[in-house]
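Please consult the sequence and the structure alongside them.

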Amino acid sequence: MNNFFKITFRKLARSKSASAINIIGLAVGMASAMLILLWIESEVSTDRFYKNTDRLYRVYNRNKVSGVLQAVDQNPMVLAPALKKDYPEVEDVARYVNVTFLLTVGEKHLNVRGAFTDSSFLSMFDFPLIAGNARQALNGPSGIVLTEDLAKKLFGTDDVIGKTVRIDSNENFKVTAVLKNLPANTQFNFPFLLPWSFMTKLGWDDNLWTNNYPFTYVLLKPNVSQAAFDAKVKNIIIDHTRDDAFQSKAEVFTQPMSRAYLYGRPENGKLVSGRMEMVKLFSIIAGFILLIACINFMNLSTARSEKRAKEVGIRKVSGAYRSTLVSQFIGESIVLSCISFCIALLIVQLSLPAFNTLVGKILFIDYGNLKFWLFAVSFIIFTGLIAGSYPAIYLSSFKPVSVLKGTFRNVQAVITPRRVLVVLQFTFAIILIIATIIVERQIEFVQGRDAGYNKNNLVYTFTQGDVDKHYKAIKDELLSSGAVVSVTRTANPITQRWGSGSAYVWDGSTPEDGRLEFIQMGSDANFVKTMGATLVKGRDIDIYNYPADTMAVVLNESAVKAMRFKNPIGQIIRRTGYKEQWHVVGVVKDFIMESPFEASVNPVIIKGPAYFFQVVHFKLNPANPVSTNIAKAEAIFKKYNPQYPFEYIFADESYNYKFREVQRTGSLALLFAGLSIFISCLGLFGLATYMAETRIKEIGVRKVLGAGVGTITVLLSKDFLKLIIIAFLIASPIAWYFMHIWLQNYTYRIGIEWWVFAGAGILSVLIALITISYQSVKAAMANPVKSLRSE
C-alpha cells in the first residue's frame, strides 16, 4: 500500500501541470455536479415528507375556458365540506387560502401574509409543533397558530401559548400552537394560520358551486384507490349545479401530494411534468459536466502515455499481471478524485450563498448526516472509476517488447478515442451555449410584449385597516399633493388573477356559454386612466359621476369575443344565482394579468362596486422624483391608517416577477455553459501543451527550413479547430431539437433563427482558438537551436 501511494504522489509531482489541470478540472466538475444534486434533492423531496404523504391529495377541477380545456387547483369553498360529508373514502379534508393581516402585540405592528385553513390542516400535514395540539389548535373561532420566527418577532420568545394577538385592530386571538419554522422543501408559506370560521365571520365564505377560490386537500382512508375515488367525485360540481340555469361542466379530480410540485403544469386539462422537466434536464447537465471533467483526465492520461510506457513494460517483464496494473491506474485516479473532491467541497461551501440566491432556495450540506458521507465515498469512487477506467485499460495494454525496444509509438489515425472525447466535450458545451442564447432571446421577446397597460410609475397597495373607511379623503389628498395623477380601487392587483367565475348569461347566450370562465375584477373609477389601459369602445366605470355605474361592467376584448357581442355597449349581463344584472359601459384592449408567455388572454369582467375592493392603484406623478412621490403618499396613508405600515408594490416589479422561473433557467444554463466551456478549455489547454512538447523537434526543423511563426501556429491549431467544428455540426441539430421542444411550453414564443447557431459556432471557435493559441505561439516562437541541440 505504501508503494502504491509513493508511485501515485511521485507521478503527480513529476507532471505538475498535467496533475493541476486534472485536479482543477475534476474539482470544478464535481463541485458543479454537487450543486446541481443539492438543488435536485430539494426539488424531489418537496412536500414528500409528511407521515401520510401516500394518502394526501390535492383537488383540481377541469373545465373548458374559452374553448380550451384547463385544469385549476382552486375550487368552490363548499366542495371540501361536501367531500367530507358525502364520501366515506375521505378521512379528512382541508381548505387553504392565503390572506394578509396586521398582527399587533403591544406596540409591535407586523403586516404578515398567512392563511385561513380548516382545523384538520395541521393533523393532515403534521408540521412539527413546539407547543400546542395539532388537532385542537384551530378548533375554536379565535385561535391562532404562529411559526417560531413570527412568535419571536411579536413576543421575543416562542413560549407564547395563551397570549393575545390582535388582528387588523379589531379582533383578539389567543395563540393555541407554535410551529417549528417551515422546511424549505414545502410549497406552503404561512407565518400564521387562522381558523376558517373567522373567514366565515368576515363574510368571505360562500356556498356557490360556481366560484373557485381556495386550495383543497383531502386525506383518503388507507387502501382507497385514487382512480376509484376520482371516478366517484368526478361529477360532484356538475351534480350540484344540475338545477341551475347553466349547469357547470367542471370535473373534479385529484393529484397525489407527492407529485403536486414536480408534476403541476396543466396542459389540455391534465397535469403534466412541469418542474420535473427541469429536474431531468439538470440531472443530465450534472452528468455531462462531470463527464467532461473525466474526459480531461482520460485525454491527458492517454496523451502522456509514452512517459509511462517504459514503467508498464518493466513491470510486466517483472511479472506484474495486467489486472494489477489496471488496479494501480484506477487507484491513482481515485486518489486524484479524492483530492479533487476536497477542493470541490470547498468550492461548494464558498459558492452556496450565491447559488442559493440564484435558485431561490436555502440549500446546505448536512455534514452530520451519515447519508452525506456515504454519498461522498460513492461519488469519489464513481468519479475515479469513470475517469480512470479508459486510461487504465489503455496503459495496461502496452506490449513490453515493443516498449523496451523503443518501437512503441502512439497510433496516428483519423479517428481516435481522444479526438472523439474532445468532440463529445465541446458538443455538450456548444449545446448549452445555444440553449442559453435561445432562453435569453425568449425572455427578451416576451418582456418586450405589450402588456396592454402602462406599468411605469404604477403603484398599488392593499386596503387594510381604515383605508376603505377614509378612501375618499386619501384619494383627494393624494391628488392634491401632486404626488399622483390618478387613483382607482380594484378587487385585485392588475398583475394578478385572484378570482374567476362562470354561469354568466346574456341575450343570445347558450347553455355552453354558461360554462365559460371569466376573470373577475372590480373598479370604482379611473381604471383606464390609472392603469394606462386602452379604451376601445364606450367609457370607463365612474361611480362618482354616474351613480348607475354601481351595476356597470367593462369588458376586455376577449370577453366581447367570447360573448359574441357586435355592439357590446348597453348589453345586459346576468349571473345564475345572483339577483343583480350589469350593463356594459365600455371595452378595453386585452391586458396581461396572467402569464405573458401565453399568446391568448382570458376574458375579463371589470365590475363596479357591487364587487369588493382590496387594492388601491395610483399613478405617480412623472414630473417628480419617485422617492418624493412615495414619501408624500406614505404620509397620507399613515395619517388615515396609522396602525398599519405603508407597504406598496411597483406594478413593473410585480410584472417582472412573472419571468422569475424562466430567468433562473437562463441563468443556470449560462452558469453551467460557462463551467462546461471552462473545463473543456482546461483540457484543451493541457492537450495543446503536451502537443507542443512532443512536436518541439518537428517545429525546430520547420523553422530552420524557413517556416514562419504564423505557419507553425496554424499547423498546431488546425487539428483542434477541426474537432471544434465537428462538435458544432453535431451540437446544432441536437440543440435545435431540444430547444424546439422547450419552446412548445409557451404559446407566445420566438422562432429559432440560423444566426443563433452561427453565433454559437463562432464563439466556440474563438474560445478554443484563444485557449490553444498561447501554447501554439509559444512553441512557434521557441529558439530551434535549443530543440535541435541534441541532433
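Buried means under 20% relative accessible area, exposed over 50%, and partly exposed in between, with a 1.4 Å probe and protein chains only. This is a predicted model, in which local features need pLDDT of at least 70, side-chain atom pairs count only at pLDDT 80 or more, and totals for chains, interfaces and linings use all residues. Residues are numbered from 1 along each chain as its sequence is written, and side-chain values use heavy atoms, with hydrogens and water left out.

Q: Is lysine 589 buried, exposed or partly exposed?
A: Lysine 589 has a relative accessibility of 32%.

Q: Which residue forms a salt bridge with lysine 589?
A: A salt bridge is a side-chain nitrogen of Lys or Arg within 4 Å of a carboxyl oxygen of Asp or Glu. In the bridge of lysine 589, the closest N and O atoms are 2.9 Å apart, and the partner is aspartate 450.

Q: How many residues apart in sequence are lysine 589 and aspartate 450?
A: Helices (H or I, at least four residues) and strands (E, at least two) are DSSP runs, numbered from the N terminus. Lysine 589 lies in the loop between β23 (581–588) and β24 (604–607), whereas aspartate 450 lies in the loop between α15 and β15 (458–462). The pair therefore ties together parts whose separation in sequence is 139 residues.

Q: How many salt bridges does the structure hold?
A: Some of the charged residues are linked in a network of salt bridges, namely Glu43, Arg275, Lys361, Arg660, Glu661 and Arg664. For the structure, the number of salt bridges is 25.

Q: What is the arrangement of the rings of tryptophan 39 and phenylalanine 282, one pair among the 51 aromatic pairs of the structure?
A: Rings of Phe, Tyr and Trp (its six-membered ring) pair if their centres lie within 6.5 Å; planes under 30 degrees apart count as stacked, over 60 as edge-to-face and the rest as tilted. The centres of tryptophan 39 and phenylalanine 282 are 5.6 Å apart and their planes stand at 70°, so the pair is edge-to-face.

Q: What is the arrangement of the rings of phenylalanine 121 and phenylalanine 125?
A: These residues are four apart in helix α4 (residues 121–125), so phenylalanine 121 and phenylalanine 125 are separated by about one helical turn. Both phenylalanine 121 and phenylalanine 125 are buried. Their ring centres lie 4.9 Å apart with planes at 40°, so the pair is tilted.

Q: Which residues is threonine 436 in contact with, leaving aside its neighbours within four places in sequence?
A: Threonine 436 is found in helix α15 (residues 417–447) and is buried, with a relative accessible area of 7%. Contact means heavy atoms within 4.5 Å. With neighbours within four places in sequence left aside, the contacts of threonine 436 are Gly666, Ala669, Leu670 and Ala673.
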